[in-house]
Amino acid sequence: MLLCADIGNSHTTLGLLRDGDVVDHWRVATDERRTADEWGVLLKGLLGDSPIRDPLLGVAVCSTVPAVLHEWRDMLRAYYGDLPHVVVEPGVKTGVPVLMDNPREVGSDRIVNALAAATLVDGPCIVVDFGTATTFDVVSPRGEYVGGAIAPGIDISLEALGRRGAQLRKVELLRPRSVIAKNTVEALQSGMLYGFASQVDGIVGRMIAEMKLQPGDVNVIATGGLAPLVVEECACFTDHQPWLTLMGLEIVFTRNQS
């Protein structure tokens, strides 16, 4: 059994994986003030309450938050020092060539997503990850990370609108009765939900055109904690893989143990 952790700016997704299957999972807040001991106690509690009792064989981690990753390194040494662990960073074998001006700039979670997508599907693909930011990552038929785009995420956009708009407020992101809303709450919901869906379809369409391909030639995979809010309103997706990053972490761990 492998413990995988995807440490994002807002949330940390944890999962227990066995041969590509996520058999248990949790989503907790990413708090930069949390110490190594607090992370250790949190993990011990979650794993202790899990119905999965298989022995833990290792830990795989990727992070976009350096301060939290520092505490995780200390936690792994103190609480799981007898287990092999892999932290995805420059120098770790992923098997994904990164065709960027500066490959070190690319977030480790995006490389892991590209690896998982290239493993799951044949041919070129685009991964759209709905997190604090909405990221678009293009993977070539040879499994190369070609490049991508980054847009503000749904939650931070809604929060910013509520904070900067004098007569606006943060609302629950639900599907409104119609696109043409009849009250302020549904107007915000319409603008956010359909606005982001149109943004995703638009950017993906432009990427496919720039690749000189047809929409049916490219697999488009949705992932991330906020994907369920928007994925059904988008026309571009061929697959929704909520655990794509965790699956990629398992692949990286295996490649670095051989």
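Begin by colouring the lining of the largest pocket by class: there are 19 nonpolar, 19 polar and 10 charged residues, where Ala, Val, Leu, Ile, Met, Phe, Trp, Tyr, Cys and Pro count as nonpolar, Asp, Glu, Lys and Arg as charged, and the others, Gly among them, as polar. The model is predicted, so to speak of local features pLDDT of at least 70 is needed and side-chain atom pairs count only at pLDDT 80 or more, while totals for chains, interfaces and linings use all residues. Residues are numbered from 1 along each chain as its sequence is written, and side-chain values use heavy atoms, with hydrogens and water left out.

A pocket here is an open set of points on a 1 Å grid over the protein atoms alone, where a 1.4 Å probe fits, with protein on both sides within 12 Å along at least five of seven lines; lining residues have an atom within 4 Å of a point.

The largest pocket has a volume of about 1,100 Å³, a volume being the space filled by probe spheres set on points joined across faces, edges and corners. Next select D6, T64, S108, D109 and R110, which are the closest to its centre among the 48 lining residues. Then show α3 (108-120), which gives the most to this lining, with 4 residues; helices (H or I, at least four residues) and strands (E, at least two) are DSSP runs, numbered from the N terminus.

Move on to the second largest pocket, of about 220 Å³, and select V138, V146, M207, E210 and M211, which lie nearest its centre among 13 lining residues. Finally, show β8 (145-152), which supplies the largest share of that lining, 4 residues.
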